[in-house]
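This briefing covers a helix pair, a strand residue and some backbone features of one structure. The sequence and model are shown first.

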Amino acid sequence: MAAQTLAQLQTVYLDPHTDTLVILDQTQLPLRTVYLSLTKQNDIRQAIYRLQVRGAPAIGVAAAIGIYLAAKDIQADTYDAFCQQFRAAKDHLASARPTAVNLQWALERMERVVQLHAACPPSSIIPALKQEALRIQQEDTDVCRAIGEHGLSLLHDGDGILTHCNAGQLATTRYGTALAPIHLGHERGYHFHVYADETRPLLQGARLTAYELQANGIPVTLLCDNMASQVMKNGWVQAILVGCDRVAANGDCCNKIGTSGVAILARHYGIPFYVCAPTSTIDFSLSHGGQIPIEQRPPEEVTTLWYQHSMAPQGIDVYNPAFDVTEHDLVSAIVTEYGIVRPPYTQSLARLAANHLQRA
Ligand code: MRU
């Protein structure tokens, strides 16, 4: 696919003509560009669980559209009956993936719309839910662009940048979080070279980040995860940029499994480690990262998936957590849409919330 075409592709959106959730099926990339049009709650939950739509911001947008579509199917004569069915649908969608807090954040925003319509007939709630889902979709693009602007101020022309998993355009509605500064810099003539960890076991780095950057004409070298140390030792990396699925109030950052190892290496080699996270990813209800629920995935993702033959003996015990927590003292800065937050995070994140977030 041509570079310009990829930049124009939308990862997740509400189709205004068909009123369906459209997602670019990420399990098919990079070999095939397949769009799915979904309307049913079960199908949307499955698409999130299977990582056909993935990345914390993208699943938040998918869930917002998903709960709007689920609400359209509710048959209820009273507000209370509507709420009961709405909450059941919300819990069902929220259970698809436990770690990325954006999923719950988006669903809670949608529920607040329902609460604001307590005195109205159920039919009047649906258009308001649609508006809110579209707002969440549009805001994600604006937020990612702002993260890109702030993140770019941390980089220099010619930098080598290492990233883990995919926190790019494919994980959001546009630009990405960790890859947003790289996309914006590239548009403005910066010369970056990206080192993309392949990101075992689901290979988001190999299948998605390598594809997204290559298709956009940004120089990228693909690494096995265990090669990151050597690349840093070679002096090829001036900054690490990663995304995030949940930030605790003390700045502990939960992201794709393997991220904490990258942070430890970055500290060893004296390389700044930046986490790019929209404020929808910050969970002020958790005081530290040990409280973040870590998704466990099926063993077959380690032993079989993406390979023609099993890579391990039949019946082998497998440990397959999808995420890990990077302790806040390894994080040089957190880049949000409102600016760059530095340690000590308990104070700086609280200040950010007080200045910008009503829910703090
Ligand atoms: O399991 P995935 O592919 O959804 O994991 C994605 C990540 O870990 C991303 O880094 C994170 O969601 C941030 S995406 C902007």
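**Loop, strand and helix pair**

Leu203 lies in the loop between S5 and H8. This is a predicted model, in which local features need pLDDT of at least 70 and side-chain atom pairs count only at pLDDT 80 or more, while totals for chains, interfaces and linings use all residues. Residues are numbered from 1 along each chain as its sequence is written, and side-chain values use heavy atoms, with hydrogens and water left out. Helices (H or I, at least four residues) and strands (E, at least two) are DSSP runs numbered from the N terminus.

- Leu203 is not a glycine, yet its phi is positive, at about 60 degrees.
- With a relative accessible area of 11%, Leu203 is buried (under 20% relative accessible area; exposed is over 50%, and partly exposed is in between, with a 1.4 Å probe and protein chains only).
- Thr199 lies in the loop between S5 and H8, and its phi, near 70 degrees, is likewise a positive value in a residue other than glycine.
- Thr199 is buried, at a relative accessible area of 0%.

**The loop between S2 and S3**

- Pro30 sits in the loop between S2 and strand S3 (35-38).
- The peptide bond from Leu29 to Pro30 is cis, with omega near 5 degrees.

**Ile23 in strand S2**

- Ile23 belongs to strand S2 (residues 20-24) and counts as buried, because its relative accessibility is 0%.
- Leaving aside neighbours within four places in sequence, Ile23 is in contact (heavy atoms within 4.5 Å) with residues including Thr11, Val12, Val34, Tyr35, Leu36 and Ala47.
- Tyr13 is 10 residues from Ile23 in sequence, and their C-alpha atoms are 6.7 Å apart.

**Helices H4 and H5**

- Helix H4 (residues 79-94) packs against helix H5 (residues 101-116) at an angle of about 175 degrees, with the axes 10 Å apart.
- H4 is therefore roughly antiparallel to H5 (angles over 145 degrees; under 35 is roughly parallel, 65 to 115 roughly perpendicular, and the rest oblique).
- Axes are lines fitted to C-alpha atoms, for helices over the stretch in contact, and angles run from 0 to 180 degrees between N-to-C directions.
- Among the residues that meet are Tyr79, Phe82, Phe86 and Arg87 in H4, and Leu103, Leu107, Glu108 and Val114 in H5.
- The residues of this contact of H4 with H5 divide into 10 nonpolar, 1 polar and 4 charged (Ala, Val, Leu, Ile, Met, Phe, Trp, Tyr, Cys and Pro count as nonpolar, Asp, Glu, Lys and Arg as charged, and the others, Gly among them, as polar).
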